[in-house]
Amino acid sequence: MASLPGMWERTVSLYSAGKMFAITGWRLGWAIGPRQIIQKLHGVCLVDTFGCPTILQEVVARMLERERLLVDPKESYFNWAGSIFAENYTKLCNAFKSVNMPPVHAEGGFFLVVDCSKRSFKFQESDEYKNCNDAQDVKIAKELTKQFKILMLPLSLFYNLELKAIPTNYLRVLFCKMSTNNKSSY
């Protein structure tokens, strides 16, 4: 976004070490943008950074420094991770399409959003499901987790409940995971 004409002056790019390096729980990130915006952001962050251990900051700084010094781009973690994430994204898109849960394609990020309104599940016929007052996406996410161990986040949870129209047909799934063996995580 910041590379588009006229956008650098009004764009702040946010980065997450936890997502970027697949180290869940490391609540550490950084922002890049124009000096006048970053200076204002710095004032807010002074209070927020006390929760991040210094050792985590040091490790991430060294990881980033290593990447900066690489001469051969084939050795780059970012190139390698990017190809893994792209592969995971494609596999998930294909898998969800095959079960009539079309993906909402994005040009960036770490999450895939799928539309669950076109798919019917057997559990939707149960009285427990029908009598539950949760939004449709919340109920489906709970059942997918309970029955299939698929963890998805309902997007309706990000909305103010006082809004008149909250979309309840979208679920979010993380695709920036690395496999611990030679097979894909998905």
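Predicted model: local features only at pLDDT ≥ 70, side-chain atom pairs only at ≥ 80, totals over all residues.
Student: What share of the residues counts as buried?

Tutor: The C-alpha atoms fill a box of roughly 55 × 45 × 40 Å along the principal axes. The chain exposes about 13100 Å², and carbon and sulfur atoms supply 58% of that area. Of the 186 residues, the share that counts as buried is 27%.

Student: How far apart do the centres of the positive and negative side chains lie?

Tutor: The chain carries 23 positive and 17 negative side chains. The centres of these two sets are separated by 1 Å.

Student: In which order do the 4 strands of the open sheet stand?

Tutor: Strands S3 (103-104) and S5 (153-154) each have a single partner strand, so they stand at the edges, with one side of each left without a neighbour in the sheet. The pairing in this open sheet is antiparallel, and the order is S3-S4-S6-S5.

Student: Which residue of S6 is the bridge partner of Val-113?

Tutor: Strand S4 covers residues 111-115 and strand S6 covers residues 170-174. The two run antiparallel and are joined by 5 bridges. Within this pairing, the partner of Val-113 is Arg-172.

Student: Which helix packs on the sheet and touches S3, S4 and S6?

Tutor: The helix in question spans residues 77-98, and its direction makes about 10° with that of S4.

Student: At what angle to S6 does helix H6 run?

Tutor: Helix H6 is formed by residues 136-148. This helix lies across S5 and S6, and its angle to S6 is about 40°.

Student: How many residues of S4 are buried?

Tutor: S4 pairs with S6 through 5 bridges and with S3 through 2 bridges. The strand is mostly covered, the number of buried residues among its 5 being 4.

Student: Which residue in the turn of the S3 and S4 hairpin has a positive phi?

Tutor: S3 and S4 pair in the antiparallel sense, and 6 residues lie between them in the hairpin. One turn residue has a phi of about 105°, and that residue is Gly-109.

Student: Which residue in S6 stands opposite Val-114?

Tutor: Val-114 of S4 is the bridge partner of Pro-103. In S6, the residue opposite Val-114 is Leu-171.

Student: Does Ser-156 count as buried or exposed, and why?

Tutor: Ser-156 is placed in the loop between S5 and S6. Beyond its neighbours within four places in sequence, Ser-156 contacts Ala-135, Asp-137, Val-138, Ile-166, Pro-167 and Thr-168. Buried means under 20% relative accessible area. Because the relative accessibility of Ser-156 is 6%, this residue counts as buried.

Student: Why does Trp-8 count as partly exposed?

Tutor: Trp-8 is placed in the segment before strand S1 (13-16). Leaving aside neighbours within four places in sequence, Trp-8 is in contact with Ala-2, Ile-32, Gly-33 and Pro-34. The partly exposed class runs between the 20% limit for buried and the 50% limit for exposed. Trp-8 therefore counts as partly exposed, its relative accessibility being 38%.

Student: What distance separates the C-alpha atoms of Trp-8 and Glu-67?

Tutor: Along the chain, Trp-8 and Glu-67 are 59 residues apart.

Note on methods: Residues numbered from 1 in each chain as written. Heavy atoms only, no water. Buried < 20%, exposed > 50% of the residue type's maximum accessible area, 1.4 Å probe, protein only. Areas by Shrake-Rupley, 256 points an atom, 1.4 Å probe, with all protein chains shown as cover. Lys, Arg positive; Asp, Glu negative; His and termini not counted. Charge placed at Lys NZ, Arg CZ, Asp CG, Glu CD. Pairing = 2+ DSSP bridges. Contact = heavy atoms within 4.5 Å. Axes fitted to C-alpha atoms, helices over the stretch in contact; angles between N-to-C directions.
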